[in-house]
Amino acid sequence: MLNLTVLGLIIGNTLSNATPVLFTGLGGMMSEKSGVVNIGLEGMMTIGALVAATVGYYVGNPWLGFLAGGLAGMFFGLIHAIVSVTFAGDQTISGIAINTLAPGLALFLARLFFDGATQTPSIPLENKIPRLFDGLIKNQGLKNIFSQYATVYLALISVILLYVFLYKTKWGLRLIAVGEHPKAAETLDISVRKIRYLAVMFSGFMGGLGGASMSLAVVSVFSPTLIAGQGYIALVCVIFGNWKPQGVLVGSLFFGLTQAIATYLTGTSIHLPMEFISMIPYISILLFLILFNKKSKAPKVSGKPYLTEDI
C-alpha cells in the first residue's frame with residue numbers, strides 16, 4: 001500500500017537516483033553550450049567513480065574522494081578538449097574513444113590497487129558522503145525525503161548557480177555566444193578556444209562528480225557495472241532539457257523517479273519479470289525524449305569544430 005512513508009521513500013529515492021545524472025548532465029550542457037559535444041560523459045563518470053571510491057577507501061575522507069573523482073573526470077575532459085578544440089577533431093569519435101578508454105583504465109587501476117579485483121571493497125558507513133538532517137527529523141515520511149546525502153543538495157545548488165552564471169553574468173553570456181556565433185564572438189576579443197577548453201574541462205569535472213556521487217553516496221563500492229549507461233542518460237536529459245539547467249533538472253528527476261518506481265515494484269506483490277522492471281527507467285526516458293525532442297533546440301554550432309583561420 002502506498003502510504004505517506006512509502007511515498008516519502010519514493011521521493012527520497014528519486015532525488016538520490018537523479019543526483020549522479022544531474023551532475024553529469026549539467027556538465028554536458030555547459031560543454032554543448034560552448035559548441036563542443038561531449039558524449040564521453042559515460043567514461044568520465046566511470047573513472048570518477050573508481051578514483052573517488054579508491055581515494056575514499058584508502059584516505060577515509062569522502063570529500064577528498066569526491067574531489068579526486070571530479071579531477072579524474074576533468075583529466076579526460078582535457079583530453080577531449082585537446083582533440084576537439086586544438087586539433088578540431090571529430091567530437092563524436094573523441095567521445096566514443098573516451099567511453100572505451102576510461103572504463104578500461106578504471107578496471108586496470110582497480111586490479112592494480114585491489115589485488116586483481118575489479119570491484120573495490122565496501123567503504124565503511126562513516127567514510128561515505130554524510131546525510132544532512134540525519135536524526136533531526138522524526139517523521140519517517142519527511143525523513144525519507146529530506147535526510148539526503150549532501151551530494152543531493154550540492155547538485156540542486158549547482159542548478160541555481162549555473163543558471164545565474166549563464167544568464168546573469170557576462171562570462172555566461174560569452175559562453176553562450178561562443179556556442180551560437182563563434183566568429184562574431186572572436187571579433188569582440190572573446191577567446192573561443194579558451195572558453196571551450198574551460199567548458200569541456202568543467203563538463204569532465206562534473207561527470208567525475210556524478211560518478212563519485214555514485215560510489216561514495218548512492219552505493220559504497222565501485223564495480224564495472226556501476227554507471228550502467230547513466231552518462232548517456234545525462235545526454236538525453238540535456239537534449240530534453242533544451243540545454244538549460246532547469247530543463248536538465250527536470251529530466252534528471254524524471255529518470256530518478258522511474259528508477260525509484262522500479263525499485264518500489266521489486267518489493268511489491270506485482271509479479272513482473274525482473275528484466276522488465278530493470279528496463280523501465282531506460283524505456284521511459286527514451287519515450288520522454290521522443291515526445292519532447294521536437295521542442296529542443298541545440299546551440300547553433302554544437303558539434304562543429306572551429307579554427308581561428310575560419311574568420
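This is a predicted model: local features need pLDDT of at least 70, side-chain atom pairs count only at pLDDT 80 or more; totals for chains, interfaces and linings use all residues.
1. Rolling a probe the size of a water molecule over the atoms shows where empty space is left. In this model the count is 1 cavity of 30 Å³ or more, and the largest cavity holds about 40 Å³ of space.

2. Cavity lining. Leu15, Ala18, Thr19, Leu22, Val152, Ala155, Leu156, Leu249 and Leu253 line the largest cavity. By class, 8 of these residues are nonpolar and 1 is polar, with no charged residue. At least two lining residues come from each of helix H1 (4–33), helix H6 (150–168) and helix H11 (245–266). The most are given by H1, with 4 residues.

3. Largest pocket. The volume of the largest pocket is about 340 Å³. Its lining has 17 residues, of which Asn17, Gln259, Thr263, Pro281 and Tyr282 are the closest to the centre. Helix H9 (192–218), H11 and helix H12 (274–292) are the elements that supply two or more residues to this lining. H12 gives the most, with 5 residues. The lining of the largest pocket is made up of 10 nonpolar and 7 polar residues, and no charged ones.

4. Second largest pocket. A volume of about 270 Å³ is found for the second largest pocket. Of its 13 lining residues, Phe165, Trp171, Leu175, Ile195 and Leu198 are the closest to the centre. Two or more lining residues come from helix H7 (170–180) and from H9. The largest share, 5 residues, belongs to H9. Here the classes are 9 nonpolar, 1 polar and 3 charged.

5. H11 supplies at least two residues to the lining of the largest cavity and two or more to that of the largest pocket. H9 gives two or more residues to the lining of the largest pocket and 5 to that of the second largest pocket.

6. Positive phi at Ala88. Most residues other than glycine have a negative phi. Ala88 has a positive phi, near 50 degrees. Ala88 sits in the loop between helix H3 (62–86) and helix H4 (91–113).

7. Positive phi at Asn242. Asn242, also not a glycine, has a positive phi of about 60 degrees. Its place is in the loop between helix H10 (230–240) and H11. Is Asn242 buried, partly exposed or exposed? Asn242 is partly exposed, because its relative accessible area is 22%.

Terms used:
Residues are numbered from 1 along each chain as its sequence is written. Side-chain values use heavy atoms; hydrogens and water are left out. On a 1 Å grid over the protein atoms alone, a cavity is a set of points where a 1.4 Å probe fits but cannot get out, and a pocket is an open set with protein on both sides within 12 Å along at least five of seven lines; lining residues have an atom within 4 Å of a point. Grid points are joined across faces, edges and corners, and a volume is the space filled by probe spheres set on the points. Ala, Val, Leu, Ile, Met, Phe, Trp, Tyr, Cys and Pro count as nonpolar, Asp, Glu, Lys and Arg as charged, and the others, Gly among them, as polar. Buried means under 20% relative accessible area, exposed over 50%, partly exposed in between (1.4 Å probe, protein chains only).
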